[in-house]
Amino acid sequence: MPAEGRVVARNWEDSFRFWARPPSQSEQDRCDNAVSVVRNAIRSYVAFATRDIDVFAQGSYRNGTNVRADSDVDVCVRCNDLCFSDRADGISQADTGLVDATYTYKEFKDDVGQALRSYLGAAAVSRGNKAFDLHANSYRVDADVVPTFEHRRYSRGSDGGVRYISGTELRPDNGGRIINWPEQNYRNGVDKNQLTTERFKKVVRILKHVKNEMEENGDASAGRVPSYLVECLVWNVPNGSFGSSSYTADLRAALLHLYSSTKTDSTCSEWGEVNELKYLFRASQPWTRGDAHAFVVAAWGYCELE
């Protein structure tokens, strides 16, 4: 036992090793159950019988970067019968073969809400600006159920033909549009994890835990950095920075790179999200380069790195 009044130094490597681990099997099962419940609700809704709808997990749960005791699930409900689109210059709607639809996104979101309430009861579901909140219980974790249409980004190939990449798009109740690329995000994360001897996702989990603990202790810089931004920051760390003998060394290398690269706009202006289809630091994002830099500086000090 330490002498009275003596402060015992924290063993950060032990903390990092624990934080690097994925959620427990019981937490994972409750995440899986949340996805299954949403899928069953959509399948049982009569009005969707003739529609092509995919229900799938996305975000940190799908990407394997969710952390213990913070394992809510983002569930996408995507209608593939209709799509929103962006077209490169010189490509007309006629070139894409798309025609105007009569079923609107608002109608689809209303239907998703009705499907969830019919299956689970009104008390279990709350409508939000972007998604429905499916409340947690002993069987499942809290889930954000996000209605989307397919999003298509059209361009011309090297042969002059029209092609597109597929993502998702939602329209918040208060206006605007949000385009995401969940499949590209997942594939890129898997590839980087393999190229870093499975350290990429572990370092993401570690830094997310650091952020959560800092935020609990009142650090304002951590509160300005969403969980997804943490994942994207680690994505932009070179593969060679991973794979040291300790997690402490990996985290130190990652934060050093992020510190030097986020000092100015010019050194990270071309950084992308994990999907590499959206720039990480642009006016359209809900965070700034300065937010990221302040968090990196604070995280370095919080973890007592040298």
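Visitor: Why is K211 called buried?
Guide: This is a predicted model, so local features need pLDDT of at least 70 and side-chain atom pairs count only at 80 or more, while totals for chains, interfaces and linings use all residues. Numbering runs from 1 along each chain as its sequence is written, and side-chain values use heavy atoms, without hydrogens or water. Now K211: its relative accessible area is 7%. Buried means under 20%, exposed over 50%, and partly exposed in between (1.4 Å probe, protein chains only).

Visitor: What makes E215 and K211 a salt bridge?
Guide: Their side chains meet at 3.0 Å, N to O. The rule asks for a side-chain nitrogen of Lys or Arg within 4 Å of a carboxyl oxygen of Asp or Glu. The pair passes, so the name applies. The two residues are four places apart in helix α7, which means they are separated by about one helical turn. E215 is partly exposed, at 38%. Elsewhere, salt bridges that share partners join K106, K109, D110, R127 and D173 into one network.

Visitor: How many salt bridges does a search of the whole structure find?
Guide: The search finds 20. In general, side chains of opposite charge can pair when their charged atoms come close.

Visitor: How do you know that R51 and D81 belong on the list of salt bridges?
Guide: The N to O distance is 3.6 Å. That is within the limit, so this pair qualifies. R51 sits in the loop between α2 (25–43) and β1 (53–58), and D81 in strand β2 (residues 73–87), 30 residues apart; the bridge links distant parts of the chain. Helices (H or I, at least four residues) and strands (E, at least two) are DSSP runs, numbered from the N terminus.

Visitor: Why are R51 and D81 called partly exposed?
Guide: R51 has a relative accessible area of 29%. D81 has 40%.

Visitor: What makes K208 and E231 a salt bridge?
Guide: Their side chains meet at 3.7 Å, N to O. That lies within the limit too, so the term holds. K208 is in helix α7 and E231 in helix α9, 23 residues apart, so this pair also links distant parts of the chain. Both K208 and E231 are buried.

Visitor: Why is L233 called buried?
Guide: Its relative accessible area is 0%. That is under the limit, so the label stands. L233 lies in helix α9 (residues 227–235).

Visitor: Which residues does L233 touch, beyond four places away in sequence?
Guide: L258, W271, L280, F281 and A292. Touching, or contact, means heavy atoms within 4.5 Å. F281 in turn has contacts with L229, L233, C268, W271, W287, T288, R289 and A292, leaving aside its neighbours within four places.

Visitor: What makes a set of residues a nonpolar core?
Guide: The members are buried Ala, Val, Leu, Ile, Met, Phe, Trp, Tyr and Cys residues, joined through side-chain atoms within 4.5 Å. The largest such core has 38 residues, of which F16, L207, V210, L251 and F281 touch the most other members. Two or more residues come from each of α1 (12–19), α7 (200–216), α9, α10 (247–261) and α11 (289–302). α7 gives the most, seven. Apart from this core lies another, of 36 residues, including V37, Y45, V55 and V125.

Visitor: Why is an open space called a pocket?
Guide: On a 1 Å grid over the protein atoms alone, a pocket is an open set of points where a 1.4 Å probe fits, with protein on both sides within 12 Å along at least five of seven lines. Lining residues have an atom within 4 Å of a point. The largest pocket holds about 1300 Å³, where volume is the space filled by probe spheres set on points joined across faces, edges and corners. Its lining has 43 residues, with D74, I178, N180, Y228 and W287 nearest the centre. α3 gives the most to this lining, five residues.

Visitor: Which residues lie nearest the centre of the second largest pocket?
Guide: C83, L98, V99, D100 and A101, among 17 lining residues. The space is about 340 Å³. β2 supplies the largest share of the lining, seven residues.
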